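Student: I have a model open and want to go through it piece by piece. Can we start with the overall picture and then look at single parts?

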Amino acid sequence: MLDREGLTSDDRPEVADDGPDGPDQSDQPDQPDQPDQPDRAIDELDRRGPIGWRELVSDFVKPGRAQVIFAAILLVLGLGVAMQVRTQAQQTDYSTLRRTDLVQMLDDLNSESRRLEAEIAQLEETKRQLQGGADRQRVAREEAQRRLDVLAILGGTAPAQGPGIRVTIDDPNRKVTPELLLNTVQELRDAGAEVMAINNTVRVVASTWFASGRGGIVVDNQTVSVPISIDVIGEPHALTEALRFSGGLVSEVQSSSIGGTVTIVSDEKVTIEVVVKAPVNKFAKPA
């Protein structure tokens, strides 16, 4: 049968049936494989070669946004680590102390505990006498006088005597500093020192100050001559060990940086006669 173009059905070219899904993918030419992203980055680095110093300088002078953020994070982490290390350094580390130092610290704590227990017992007895005693007025007067004497000794307005030690610091090179002398006074106070005097001319009280002067160390406006002597009233053994403690007065003065000597003598009766004038308060009044 002829159609309009004069071709029979047998003469028509055959058309492949693609089906509902379109042309057969198997007849399509093969596409070249696309390289992966990591391989492409490696190839790019290989083509660029090693990074030169000019590029490093350029990145350092003109850092990118990511570099700035990374540097800020490192800075914050560094500050945090530094603060942590400083805080830990300031804390007392007893693991580095010697056995004898730890034993001495324990003895000092026990001595202070016994002293406080005796004081508590005395106060309890005074309270009992004031509440139930027949002569309350006499007990009250005695207690008031006792407190007055204690305050006078602590304030440095009255002489004092009792067991203690006498410390002599020989400093031929004049290397002892006011800071070292102040630390010594603080160590003695921590060991239970009740009364102290320097060179039998300066009574150490709460307002005592230390400084450097032309003639040497100045304590409460008085120049301290060499050798320096410190009279201390308190428990002799505890006071002596406080000065012999590692890093204390004895080890500091006898070190090569100072080159001095320290002599400590215990005495059952140390007398301190130097006193201070009671200050006049300008603003503070009894409440």
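Student: Among contacts between residues at least 6 apart in sequence, what percentage join residues at least 24 apart?

Tutor: In this protein 70% of them do. Contact here means heavy atoms within 4.5 Å. Before going on, note that this is a predicted model, where local features need pLDDT of at least 70, side-chain atom pairs count only at pLDDT 80 or more, and totals for chains, interfaces and linings use all residues. Residues are numbered from 1 along each chain as its sequence is written, and side-chain values use heavy atoms, with hydrogens and water left out.

Student: How many helices and strands are there in the protein?

Tutor: The protein has eight helices and eight strands. Both are DSSP runs numbered from the N terminus, with helices being H or I of at least four residues and strands being E of at least two.

Student: And what percentage of residues count as buried?

Tutor: The figure is 22% of the 287 residues. Buried means under 20% relative accessible area, exposed means over 50%, and partly exposed is in between, using a 1.4 Å probe and protein chains only.

Student: Take H4. How many residues has it, and how far does it reach?

Tutor: H4 has 34 residues and spans 50 Å from its first C-alpha to its last, close to the 50 Å expected at 1.5 Å a residue. The expected span is 1.5 Å times one less than the number of residues.

Student: Which residues of H4 are buried?

Tutor: They are Asp101, Gln104 and Thr126. The cover over the buried residues of H4 includes H5 and H7.

Student: At what angle do H4 and H5 cross?

Tutor: Helix H4 (residues 99-132) and helix H5 (residues 136-155) cross at roughly 150°, and their axes come within 8 Å. H4 is therefore roughly antiparallel to H5. Angles under 35 degrees count as roughly parallel, over 145 as roughly antiparallel, 65 to 115 as roughly perpendicular and the rest as oblique. The axes are lines fitted to C-alpha atoms, for helices over the stretch in contact, and angles run from 0 to 180 degrees between N-to-C directions.

Student: Which residues make that contact?

Tutor: On the H4 side they are Gln122, Leu123, Thr126, Gln129, Leu130, Gln131 and Gly132, and on the H5 side Arg136, Val139, Ala140, Glu143, Arg146 and Arg147. By class, the contact of H4 with H5 has four nonpolar, five polar and four charged residues. Nonpolar covers Ala, Val, Leu, Ile, Met, Phe, Trp, Tyr, Cys and Pro, charged covers Asp, Glu, Lys and Arg, and the others, Gly among them, are polar.

Student: What does arginine 136 touch, not counting residues up to four places away in sequence?

Tutor: Arginine 136 touches Gln129, Leu130 and Gln131. With a relative accessible area of 47%, arginine 136 is partly exposed.

Student: Next pair. How far apart are the axes of H6 and H7?

Tutor: They are 9 Å apart, and H6 and H7 pack at an angle of about 140°. That makes H6 oblique to H7. Thr184, Glu187 and Leu188 of H6 meet Leu239, Ala242 and Leu243 of H7. Those residues divide into four nonpolar, one polar and one charged.

Student: On to the backbone. What is phi of arginine 174?

Tutor: Arginine 174 has a positive phi of about 55°, although it is not a glycine. Arginine 174 sits in the loop between strand S1 (160-170) and helix H6 (178-190), and is exposed at a relative accessible area of 54%.

Student: And asparagine 199, what is phi there?

Tutor: Phi of asparagine 199 is near 55°, again positive in a residue other than glycine. Asparagine 199 lies in the loop between strand S2 (195-198) and strand S3 (202-204). With a relative accessible area of 15%, asparagine 199 is buried.

Student: Is the peptide bond from valine 226 to proline 227 cis or trans?

Tutor: That bond is cis, with omega near 0°. Proline 227 belongs to the loop between S6 and strand S7 (228-233).

Student: Last one. Where is glutamine 222 found?

Tutor: Glutamine 222 is in strand S6 (residues 222-223) and counts as partly exposed at 35% relative accessibility. Glutamine 222 and valine 202 are 20 residues apart in sequence and 7.6 Å apart in space, C-alpha to C-alpha.
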